[in-house]
Amino acid sequence: MDIRIILVNIIAAIGGFLMPIRDFMVAATVLFGVNFLCGLLADIVNDEEWSWKKAFTFFFHCFIFFGLLVFIHTCGVFMHNTEGALQCVSLICYLAIYLYTVNIVRNLRLIVREGTTLYLLLDFIYYVLTLKFCLKIPYWRDYVKVKTGTDIGADGDKSKGQFGGRRIE
């Protein structure tokens, strides 16, 4: 028996098993691709050198994310709760969309010239997405400081963003 036939059948079986989450995985691939390109452009515009370590870390995180989706789907199938697993996969994908969109917008802010209309639009979107308006809620900063042990400052920015980004002042 030819080994190629066996490999094709194994790949086809795995592909058929993962068919219910195919659209989620395609959407996540597009999201990660846009995030990678925006991060790369931000590094190029801000004269930072290419880092293989940073790139491999990104791809490793993507691998973990896809592995998590497959694991959740597999558990749902074996527990005879495919719909529940799809809802869980959907929720995780929506959370990833939110978090990576914040990162994409932050990187786009680093690409465009400060003070332009596009920068102001991206800055406003970033402000809304990062919930910085919550800092205006009385006692919010104190609550965050007690729970996390870090002071988020008067303007809500830390020296580094949550996802390791940098801000050019």
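Here, a residue counts as buried when its relative accessible area is under 20%, and as exposed when that figure is over 50%. The views below come from a predicted model.

**View 1. The buried side of helix α5.** Look along α5 and you'll find its buried residues: Tyr119, Leu122 and Tyr126. They sit on the same side of the helix, because they cover an arc of only 65° around the axis. What do these buried residues pack against? Their partner is α4, residues 82–111.

**View 2. The other face of α5, and how far the helix runs.** Turned away from the buried side, α5 carries Thr117, Leu120 and Phe124, which are exposed. The helix takes in residues 117–129, 13 residues in total. From its first C-alpha to its last it reaches 18 Å, close to the 18 Å expected at 1.5 Å a residue.

**View 3. His73 in helix α3.** His73 belongs to α3, which spans residues 52–78. Is His73 buried or exposed? With a relative accessible area of 1%, His73 is buried, because that value falls under the 20% cut-off.

**View 4. What His73 touches.** The His73 side chain reaches the backbone oxygen of Phe17 at 3.0 Å. Setting aside neighbours within four places in sequence, His73 is also in contact with Leu18, Pro20 and Ile21, as well as Thr82, Ala85, Leu86 and Val89. Phe17 is on that contact list too.

Terms used: Residues numbered from 1 in each chain as written. Predicted model: local features only at pLDDT ≥ 70, side-chain atom pairs only at ≥ 80, totals over all residues. Heavy atoms only, no water. Helix = DSSP H or I, 4+ residues; strand = E, 2+ residues; numbered from the N terminus. Buried < 20%, exposed > 50% of the residue type's maximum accessible area, 1.4 Å probe, protein only. Polar contact = N/O pair within 3.5 Å; in protein donor to acceptor, adjacent residues only side chain to side chain. Contact = heavy atoms within 4.5 Å. Expected span 1.5 Å × (residues − 1). Arc of directions from axis to C-beta.
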